[in-house]
Amino acid sequence: MYEKYFKRPFDILCALAAIIVFSLVFLVVAVLVRIKLGKPVLFKQERPGKDEKIFKLYKFRSMTDKTDENGNLLPDELRLTSFGKTLRMTSLDELPEAFNILKGDMSVVGPRPQLVRDMVFMDEEQRKRHTARPGLTGLAQVNGRNNTTWETRFEYDLKYIENITFMGDVRIILKTIIKCLSRDGITEEGMATAEDFGDYLLKKGEIEQSVYEDFQITAANLLMK
């Protein structure tokens, strides 16, 4: 009953409340991003949503556009400034996702929208996470966030979609606030940003280089549609 009739109105109410309450924070962060990192202020990236429909995710920009002598972007750890790290540690970079929630691309609570290049490496069972609208936060985020294995995160995502309830969502939201205040599990240990699923599988030896490259091409083709 909640998932079918009340979750969406609850999402809209929460998103509107967040935009109104944090309007000054939105403005201050936007100005600081413009000053410290330049344009654009917002970072937009294609992510798979419900039923694997691709949508544009909004975040405040947290990296520079620095490139090497060949014009290729430098590694994340070299482009992520101290200011950008602060945005991520406080989760302020994710505030614009409130507009994704208003649009209906996302929910307040649900499986986090991963990259398209992560999705193509998921098996059939893992891709069931896309039967639900992706969330600003989720069961995986309050149980380790990025500092857990990919398999564990998928298990939590699937566990969540099996039993979506109002009280369950409220508990996840409250736990998320505590997690954000404690800045726990923002990134994987020893890494500036989270590791891609394909890179993770390749490093573990679960897929071959040729398979890895084929799936990367598949992801690129999906983004061109």
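Modeller: A word on labels comes first. Helices here are DSSP runs of H or I with at least four residues, strands are runs of E with at least two, and both are numbered from the N terminus. The model is a predicted one.

Let us take helix H4. The helix spans residues 82-89. Which of its residues are buried? They are Phe 83, Gly 84 and Leu 87. Buried means under 20% relative accessible area. Now look down the helix axis. The buried residues of H4 sit within an arc of 100°, so they share one face of the helix. An α-helix has 3.6 residues a turn, so residues three or four places apart point the same way.

What lies over that face? Helix H2, residues 23-37, is part of what covers the buried residues of H4. Just after H4 comes Ser 91, with a positive phi of about 65°.

The loop between H2 and strand E1 holds Pro 40. Strand E1 covers residues 42-48. The peptide bond that runs from Lys 39 to Pro 40 is cis. Its omega is near -10°.

Go on past E1. A loop joins E1 to strand E2, residues 54-60, and Asp 51 lies in it. Glu 52 lies in that loop too. Asp 51 is not a glycine, yet its phi is positive, near 60°. Glu 52 is not a glycine either, and its phi is positive at about 65°. How do they stand towards the surface? Asp 51 has a relative accessible area of 57%, so it counts as exposed. Glu 52 has 27%, so it counts as partly exposed.

Now a jump to the chain's other end. Ile 54 and Lys 225 are 171 residues apart along the chain, yet 9.6 Å separates their C-alpha atoms. Lys 225 belongs to the segment after H10. It is exposed, because its relative accessibility is 82%.

H10 leads back to another helix, H9. H10 covers residues 209-224 and is one of the helices that the buried residues of H9 pack against. The others named are helix H6, residues 116-119, and helix H7, residues 150-162. H9 itself runs over residues 197-204. Its buried residues are Phe 197, Gly 198, Tyr 200 and Leu 201. These cover an arc of only 160° around the axis, so they lie on the same side of H9. Next in the chain is Gly 205, with a positive phi near 80°.

What of helix H1? It spans residues 2-21 and includes Lys 7. Is Lys 7 buried or exposed? Its relative accessibility is 8%, so Lys 7 counts as buried. Setting aside residues up to four places away in sequence, Lys 7 touches Tyr 2, Ser 107, Val 109, Tyr 160, Ile 164 and Asp 169. At 32% relative accessibility, Ile 12 is partly exposed. The C-alpha atoms of Ile 12 and Val 108 are 8.8 Å apart, while 96 residues separate the two in sequence.

Finally, step back to the whole chain. The protein chain holds ten helices and four strands. In sequence order, the pattern is α-α-β-β-α-α-α-β-α-β-α-α-α-α. The radius of gyration is 18 Å, close to the 17 Å of the globule rule for 225 residues, so the chain is as compact as a globular protein of that length. Along the principal axes, the C-alpha atoms fill a box of roughly 50 × 45 × 35 Å.

Of the 225 residues, 43% are buried. Take the contacts between residues at least 6 apart in sequence: 70% of them join residues at least 24 apart. The accessible surface is about 12600 Å², and carbon and sulfur atoms account for 58% of it. As for charge, there are 34 positive and 33 negative charges, and their mean positions are 8 Å apart.

Definitions and conventions:
Residues numbered from 1 in each chain as written. Predicted model: local features only at pLDDT ≥ 70, side-chain atom pairs only at ≥ 80, totals over all residues. Heavy atoms only, no water. Rg over C-alpha atoms; globule rule 2.2 N^0.38 Å. Buried < 20%, exposed > 50% of the residue type's maximum accessible area, 1.4 Å probe, protein only. Contact = heavy atoms within 4.5 Å. Areas by Shrake-Rupley, 256 points an atom, 1.4 Å probe, with all protein chains shown as cover. Lys, Arg positive; Asp, Glu negative; His and termini not counted. Charge placed at Lys NZ, Arg CZ, Asp CG, Glu CD. Arc of directions from axis to C-beta.
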